[in-house]
Amino acid sequence: MKGRTKWFPRHIHPARVGDYECAVQITSSAPCILWRLHWDGVGFRVPAPMVVRQWRGLTKKAHDAALENRA
């Protein structure tokens, strides 16, 4: 998908605060599902107990374009 980074494992932290597309697992017997979560600089803010397996965000170019369109 254009404008997105590659998938990163959970031990690598995002560079910027913001929303990220995450592959999460709610129980160990369930498959991963995609969920949009907010990174607050410390961790992903989750609405319920879940494990973030991997995440991806916007590329710098796409992030800058999104900020430009908001202004």
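This section describes the fold, salt bridges and aromatic pairs of a predicted model. Residue numbers start at 1 along each chain as its sequence is written, and side-chain values use heavy atoms, without hydrogens and water. Local features require pLDDT of at least 70 and side-chain atom pairs pLDDT 80 or more, whereas totals for chains, interfaces and linings use all residues.

The chain contains one helix and five strands. These elements are DSSP runs, numbered from the N terminus: helices are H or I runs of at least four residues, strands are E runs of at least two. Their order along the sequence is β-β-β-β-β-α. Along the principal axes, the C-alpha atoms occupy a box of roughly 40 × 25 × 20 Å.

The chain has 71 residues, of which 25% are buried. Buried denotes under 20% relative accessible area, exposed over 50%, and partly exposed the range in between, with a 1.4 Å probe and protein chains only.

Two salt bridges were found. The criterion is a side-chain nitrogen of Lys or Arg within 4 Å of a carboxyl oxygen of Asp or Glu. One of them joins Glu-21 and Arg-56, with an N to O distance of 2.9 Å. This pair links distant parts of the chain. Glu-21 belongs to strand 2 (residues 18–25) and Arg-56 to strand 5 (residues 51–56), 35 residues apart. Both partners are buried. For Arg-56, the relative accessible area is 13%. The side chains of Arg-56 and Glu-21 are also joined by a polar contact of 2.9 Å. A polar contact is a pair of N or O atoms within 3.5 Å; within protein, one must be able to donate a hydrogen and the other to accept it, and residues adjacent in sequence count only if both atoms are side-chain atoms.

A salt bridge also connects Lys-60 and Asp-64, whose closest N and O atoms are 3.1 Å apart. Both residues lie in helix 1 (residues 60–70). Because they are four residues apart there, about one helical turn separates them. Lys-60 is exposed, at 54% relative accessibility. Asp-64 is partly exposed, with a value of 34%.

Four aromatic pairs are present. Rings of Phe, Tyr and Trp (its six-membered ring) pair if their centres lie within 6.5 Å; planes under 30 degrees apart are stacked, over 60 edge-to-face, and the rest tilted. Tyr-20 and Phe-44 have ring centres 6.2 Å apart and planes at 80°, so this pair is edge-to-face. The pair bridges distant parts of the chain, with Tyr-20 in strand 2 and Phe-44 in strand 4 (residues 44–45), 24 residues apart. Tyr-20 is buried, at 8% relative accessible area. Phe-44 is buried as well, at 18%. Phe-44 also pairs edge-to-face with Trp-39, at 5.0 Å centre to centre and 65° between the planes. Both Trp-39 and Phe-44 are buried. One aromatic cluster is formed by Phe-8, Tyr-20, Trp-39, Phe-44 and Trp-55.
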